[in-house]
Amino acid sequence: MTDAVHRLENGGRIDRTQRLSFHFDGETMHGHPGDTLASALLANGVRLVGRSFKYHRPRGLMAAGGEEPNGLVRLRQGGRAEPNVRATEIILYDGLVAESQNRWPSLNFDLGAVNDRLSPLFPAGFYYKTFMWPASLWPTYEAVIRRMAGLGKAAESADPDRYEKQYAHCDVLVVGAGPAGLAAAHWAGRTGARVILADEGAELGGALLGNGQRIDGRPGMNWAAGIGAELARAENVRLLPRTIVAGYYDHNALTLLERVADHLLQPDQGQPRQRLWQVRAKQVVLATGALERPLVLANNDRPGVMGAGAVQTYINRYGVRPGRRAVLFTNNDSAYPAAMDLAKAGVAVAAVVELRAQAPLRYLPELEQLGIELLVDRAVLSVTGRKSVTGVQIGKLNEAGDGVVAGLERRIDCDLLCLSGGWTPSLHLLSQSGAGLQWDAAQGCFLPGPGRAAASQAVRVAGAANGDFGLQDCLTLGAEAGNAAANDAGHRRRGRGPRKPAADDAAAPLPPRPIWSIPGPGRNGGNNSGSNGGKAFVDFQSDVTAADLRLAAREGYRSIEHVKRYTTTGMGTDQGRTSNINALGIVAQALDVPVPQVGHTTFRPPFSPVTFGALAGGQVGPLLDPVRRTPMHGWHLAAGAVFEPVGQWQRPYYYPKAGEDMAAAVDRESLAARTSVGLMDATTLGKIDIQGPDAAEFLNRIYTNGWKGLAVGGCRYGLMLGEDGMIFDDGVTARLGQGHFHMTTTTGNAGHVLDWLESWLQTEWPELVVYCTSVTEQWAVAALCGPNARRLLAELCPDLDLSPAAFPYMTWQTAALPGVAGGLEARIFRIGFTGELSFEINVPAGHGPTLWQALMAAGEKYAITPFGTEAMHVLRAEVGFIIVGQETDGTTTPEDLGLGRMVSGKKDFLGKRSLSRSDSMRQDRPALVGLLTDDPGLRVPEGAQLIAGTNPAPPQRGQGHVTSSYHSPNLGRTFALAMLEGGHGRHGEAIHIAYDGRAVPATVTAPRFLDPVLEAPERAK
Amino acid sequence: MTGPRHQPLAHLALAAAREAPRPDAGVTLRALPYQPSIILRGESGDAAFVKAFRAGLGFDLPLAPNHVSSHDEITALWLGPSEWLILGDVGPVAPAGQGRLARALAGRHHAIISQGDGRQIIAVSGPRARDVLGKLCPLDLESPDLAPGHCARSILARCGILLHPQPGGAYHLHVARSFADYAWRVLAEAGLEFGVAIASGD
């Protein structure tokens, strides 16, 4: 049963036994399974589906597929809402909700439509001409223009659905499942090759589903269903319906957007809404078909003007009668079958208007039998009606096609005008692949460049996309392309191939008569300026008329790339699918050059819009980026730590106790580490095992300081420079054996440092016998720090002599910890980053938590305090230890930080030469200093500028900036580190810090506020 | 003997154990327990080194890229022209030179570096294991180059993995310890479509 007014009683691929409810602009309507939103709207008599982009003109559906420029809607609601979806691509489901766009207050009555009357104010390029002065007002104009123009509204809340990515590899990727694509996949599949067949439609068959053509004596759609069923059974073939191939990249990498659940009210449990495929294909067959062009004539955008092929699809596939009385206007053969289909569907066909002087004879008998009037060598000059077509004005063009022969005009009433301006092969993907296109003057379109040599990748084009518009060519050449692609991928068929399909109508169509723009009624040399006969649209989505293009040509634009940007033709979400060729033709005509000389615009991915959800895939929310956890992470969590991301690591920032804010917690932690004992998780530091007889020589070249003299058992701090002489990383490296070192790096730079070491070893110094291996993950590190650190550690390793003489600063030892995990072996380094008595205890990572708990338990009597990265920063800044990336910014030399003593004069090392550049040796380079604000309670923010005078107002030249700024409980006040021009010589100077609209007075000091405990003396008890 | 190690995924396995079993699950995830392993560095072209390895462990190091060989509970995975991962107990690494492998290689330029604590192996099995991995790993999982007996380094979403195909369409994924939680979560998320089961034990 059907209750929709324009639904045919029989035919089509819809299931009339089931009724689906949907809502368009708040009105409830009904359709059937097999419908698209577009076909269901037409069946319900909805003509007006949107307002145009710039002029807010009423618009209706023109196409039945992905080339639809007008029928853009906002689909679904709330977080699932998606703007700018083509109604022709929305598969109808029960409960679907869609809204029209770009209208206010309603689709039927839209205030923005005043733009159409004001159109003289909005010529091509009005954006550039009108609102550019005064520049200060541009943001005001822009806000208004953006509201008036623009398309749909994005969703306002988070999308609740999942999206996924999928990688796939195949021998042959076939794009498009029309007759050529199906034949290609069928023949490729029979070789045993891995085949992927992707098509944007829900059903395989492409044009066969809509055009009523027959193969092997039965409907083409039945043939398609048979091939589809065989392919579905084949294990080596993967069918991807509802999938758009969006991008074609180098090395036959293609991206596909699969609409997994867009045809459902909401995705099933665990199912993604969409999936972005990244396919690597050995061979590609593009069977992307061709798109029907409209003809450019006055008011060709009125609702009720549709493509002839689209009308056929609505009748044959969806059982929809798209009008009551039709006129067809064509410059090629394909309108004739459409006229007959219309007549058979009960639509009165008032006339077929044939632009050519000769109609194709083979259709004439049937046309006559159906009583359809044929007007040869005539043109539709203009369309009447506003929200719906009411009739057409017909006339005869002169031979050149640029003027109207007077006195032969005639009007015909109709509510449907079917246009067929010829076919444009869909070569977006081929062009993206890097292949050249070639203009074919006879067909009036671009075709793949001559020979496969023009293709830079392993790609073939078959079917209408290749200019083979006849069905038999599609089938035969499609099969050949599929077979050849599989062969080239290394797969050959054993035995005979499938039976070759034969099209019932094997005649090839006659060539079209390309007239790019039909002159308006009553005009010679017709200009379609809009003042006579109405606007003649070329790009319906971007609201670009023939007059706009001619204006651009008159204003001096010669390159189609410039015309495109100036007029915005081809810049909509449809990528100019219906407009590109007409635009080229009109521009070429205006410039009086052949079309190839104008060239074509560059096709760029994506072919069709890809949602951000699909691009992000599953990498959202907690999975946005890896979160690296140390072995002690669970303990930190249980202890209530607040975490800080450092690179991808999550490190404890501080451990607030009940009632403590961050400042209080950091003060308590900083104090404990200098008065008793603190414990920090230092696992995240990069660790690199360096082995080989040349290891010391290697380090000598990598670091600024010398390494050959370091004794086994010793540790040394090192600075690494880039080739530019600027500090790149730092850390302590220990000598484990004669040819064996353990390097540590900063947390965030660990991977880069290993890459750096490897790149020098592999490319510049292959003669050095050294292996570098990351051991960051192997070791858990607990840093014990404070005056009680030694006493505490002694309890855990009673056999180790921890006295300063036996275990001095900057040495390491191995020791058994008898009480920990049954006698754990640890590497203990007497190094630290706080300037306090410190031991960094390394154990295999799996034992980290055990070690940590043992230290916490044994330290209870000293009120051991776990501390986070913020307290660590305070402690290190108190003693003037720098952090790479905080005090340095890639333009900092060792001398700038007062670390000139770290730079060896005796040997060569990476970056050395750059240190003697005049700029590296300037006396006024920014240098590390300390800062104490006059107000000891005031903490200036990091990044604050140092200024010469007391006036903080910009503009003025900064003298430097604050790099680190803290409150120190150990100093009883705030303090800061800064980079200050010529800072080494300015200690004691008064300076100001621009902060909060004030000039904060401060004193420059040495960058050290406490002396580090480097050697033996235990603090007074 | 030292006490038991903390497993990087202990927190997730515990949570998973509370869930009802999924007999219909398309993919099963399992966190393998600690296994000793080392990184072995040495030159493929150094015949004496290759020979010494064979003398020490009784089988040939895989010299062809991305190949795996094993013998007597020791498995060697090719990671690079001078780098292998050796799974299994080849003797203590420290003090240097004391282990079975180290003694065999004494006098040849080589390096042995402990790795067992630094990695987690996640076993991915079940009828949809390959489909799940295909959502996260860009390699051609159907390629004969990734049949059992091969291995490859790649990525799993945004973290590095060593992929070690197993018989029966299962995979062992080696991930760095700190990434184990992330790797487990992305696998569990990618498997939602097919149903995910968590297996316990080894």
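This report walks through a predicted model with chains A and B.

**Chain B**

Chain B holds five helices and eleven strands. Its radius of gyration is 18 Å, close to the 17 Å that the globule rule gives for 202 residues, so chain B is as compact as a globular protein of that length. Along the principal axes, the C-alpha atoms of chain B fill a box of roughly 55 × 40 × 30 Å. Of its 202 residues, 45% count as buried.

**Where the chains meet**

How many residues of chain A are in contact with chain B? The count is 41 residues of chain A, against 39 residues of chain B. Four elements of chain A each supply at least two residues of this side: β8 (163–175), β34 (686–691), β38 (771–774) and α23 (848–858). β8(A) gives the most, with six residues. By class, the side of chain A that touches chain B has 15 nonpolar, 19 polar and seven charged residues.

Is A:Pro844 buried or exposed? A residue counts as buried with 20 or more other C-beta atoms within 10 Å. A:Pro844 has 24 C-beta neighbours inside 10 Å, so it is buried. Leaving aside neighbours within four places in sequence, A:Pro844 is in contact with A:Gln778, A:Trp779 and B:Asp117. The C-alpha atoms of A:Pro844 and A:Ala826 are separated by 7.9 Å, with the two residues 18 apart along the chain.

**A five-stranded sheet in chain A**

Chain A contains an open sheet of five strands, in the order β35-β36-β37-β34-β38, with antiparallel pairing. β35 (715–721) and β38 of chain A are the edge strands, and each pairs on one side only. On average, neighbouring strands of this sheet are turned by 30° against each other, direction ignored.

Two of the pairings are set out here.

| Strand pair | Bridges | Residues standing opposite |
|---|---|---|
| β35(A) and β36(A), antiparallel | seven bridges | A:Leu721 and A:Ile727 |
| β34(A) and β37(A), antiparallel | six bridges | A:Asp689 and A:His742 |

β36 of chain A covers residues 727–737, and β37 of chain A covers residues 740–745. β35(A) and β36(A) form a hairpin with five residues between them. In the turn, A:Gly725 has a positive phi of about 85°. β35(A) is an edge strand, but it is mostly covered: six of its seven residues are buried.

**Nonpolar cores**

In soluble globular proteins, nonpolar side chains tend to be buried together. Here, the largest nonpolar core has 175 residues. Which of its residues touch the most other members? They are A:Ala184 and A:Leu417. Helix α12 (residues 471–488) of chain A gives the most to this core, with eight residues. Beyond its neighbours within four places in sequence, A:Ala184 is in contact with residues including A:Val174, A:Val285, A:Ala287 and A:Ala462. A:Gly478, A:Ala479, A:Ala481 and A:Gly482 are also among its contacts.

Terms used: Residues numbered from 1 in each chain as written. Chains lettered and ligands numbered in written order. Predicted model: local features only at pLDDT ≥ 70, side-chain atom pairs only at ≥ 80, totals over all residues. Contact = placed C-beta atoms within 7 Å. Nonpolar A, V, L, I, M, F, W, Y, C, P; charged D, E, K, R; others polar. Pairing = 2+ DSSP bridges. Axes fitted to C-alpha atoms, helices over the stretch in contact; angles between N-to-C directions. Buried ≥ 20, exposed ≤ 12 C-beta atoms within 10 Å, placed from the backbone. Rg over C-alpha atoms; globule rule 2.2 N^0.38 Å. Core = buried A, V, L, I, M, F, W, Y, C linked by C-beta atoms within 7 Å.
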